[in-house]
Amino acid sequence: MPRVGEIESALFEIAPESCAQEWDNVGLLVGKRGQEVKKVLVSLDITEAVVAEANRWQADLIVAHHPVIFHGQKHMTDRDASGRLLLQLAESHLSAICMHTNLDIAEGGVNDTLAEWLSLRDFYQLEETGVIRVGMLDAPMTLEDFVKKVSRALGCNGVRYADAGRRVHRVGVGGGACGEFEDAVIRAGCDTFVTADLSYHQFLEAEGKGINLVDAGHFPTEDPICGELAAYLQTRFPQLRVMKSAVHREVIQYFVEGE
């Protein structure tokens, strides 16, 4: 059976460590490289519910997108949520490998997958950003129809959007919080930008800037990569049992008056 270090190396083959941002924390974050692995659970985040799921399934390793150790963790105690989570991983002998901004940038990674799920063709990486993909729909459509398409394709609980009065044809996409690249998307000639975590002022100014904004949520725009990771690991290591988390899902809920 493969060992944790071999699986980490295989993941770095498709999402090189060198591609990660300087502030990021990627690779093996919890566990021993020599640990033998029989079962891998793949999840966007590592939460207490995901750890419990891994334990029920008797997994040896969790592969996630978001780092389980990120904001300068100073201790590992049961006094706070992050400490409890790390203790649970250690006490369960669960290793954790996280592929974050390197997987955002990588070919076939988060953003290529998002573009594919939204049926964009001829998409390419917007070089000045590294992460944004720009592509075309087969035919222009109304923003209302496109928002429905995005919601259904990604399984969104709700979609926030701003209408700049343009039909949707040339689309920029960025999984997760990519609002900082809005101006680059506009310079690329896009009429629509799909991402997450956009601010009120970005929505307020969208019409004046001439860009339709579609905020489909952080989880929905990034979670599709988890299935791709699971498939890659299963192909790369046929002797493994690999499963995508069934318990981890969108945590943001929406209430709409009248529904």
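Leaving aside neighbours within four places in sequence, which residues is A184 in contact with? In this predicted model, A184 is in contact with L126, E128 and T129, where contact means heavy atoms within 4.5 Å. A184 sits in helix α7; helices (H or I, at least four residues) and strands (E, at least two) are DSSP runs, numbered from the N terminus. With a relative accessible area of 5%, A184 is buried. Here buried means under 20% relative accessible area, exposed over 50%, and partly exposed in between, using a 1.4 Å probe and protein chains only. Between A184 and E116 there are 68 residues in sequence and 21 Å in space, C-alpha to C-alpha.

A word on the ground rules. Because the model is predicted, local features need pLDDT of at least 70 and side-chain atom pairs count only at pLDDT 80 or more, while totals for chains, interfaces and linings use all residues. Residues are numbered from 1 along each chain as its sequence is written, and side-chain values use heavy atoms, with hydrogens and water left out.

Next comes the core. In soluble globular proteins, nonpolar side chains tend to be buried together. A nonpolar core is taken as a set of buried Ala, Val, Leu, Ile, Met, Phe, Trp, Tyr and Cys residues joined through side-chain atoms within 4.5 Å. The largest one holds 29 residues, and those touching the most other members are I7, L11, V40, V42, V63, I97 and L233. Two or more residues each come from α1 (4–14), β2 (39–43), β3 (61–64) and α10, with α10 giving the largest share, six residues. As for I97, its contacts beyond four places in sequence are V4, I7, E8, L11, G27, L28, L61, I62, V63 and A64.

Helix α10 also turns up in two helix pairs. Two packed helices are described by the angle between their axes and the distance between the axes. Axes are lines fitted to C-alpha atoms, for helices over the stretch in contact, and angles run from 0 to 180 degrees between N-to-C directions. The axes of α1 and α10 come within 11 Å and cross at roughly 120°. The two are therefore oblique to each other, given that angles under 35 degrees count as roughly parallel, over 145 as roughly antiparallel, 65 to 115 as roughly perpendicular and the rest as oblique. On the α1 side the contact uses I7, A10, L11, E13 and I14, and on the α10 side L229, Y232, L233 and R236. These residues split into seven nonpolar, no polar and two charged; Ala, Val, Leu, Ile, Met, Phe, Trp, Tyr, Cys and Pro count as nonpolar, Asp, Glu, Lys and Arg as charged, and the others, Gly among them, as polar.

The other pair joins α5 (residues 110–117) to α10 (residues 224–236), at an angle of about 110° and with axes 9 Å apart. That makes α5 roughly perpendicular to α10. V110, T113 and W117 of α5 meet P224, I225 and E228 of α10, a set of four nonpolar, one polar and one charged.

Finally, a few residues in loops and strands. H93, in the loop between α3 (81–91) and β4 (95–98), has phi near 55°, a positive value in a residue other than glycine, and is exposed at 62% relative accessible area. D122, in strand β5 (residues 121–125), has a positive phi of about 55° although it is not a glycine, and counts as exposed at 60% relative accessibility. G189 lies in the loop between α7 (182–187) and β9 (192–196) and is partly exposed, at 39%.
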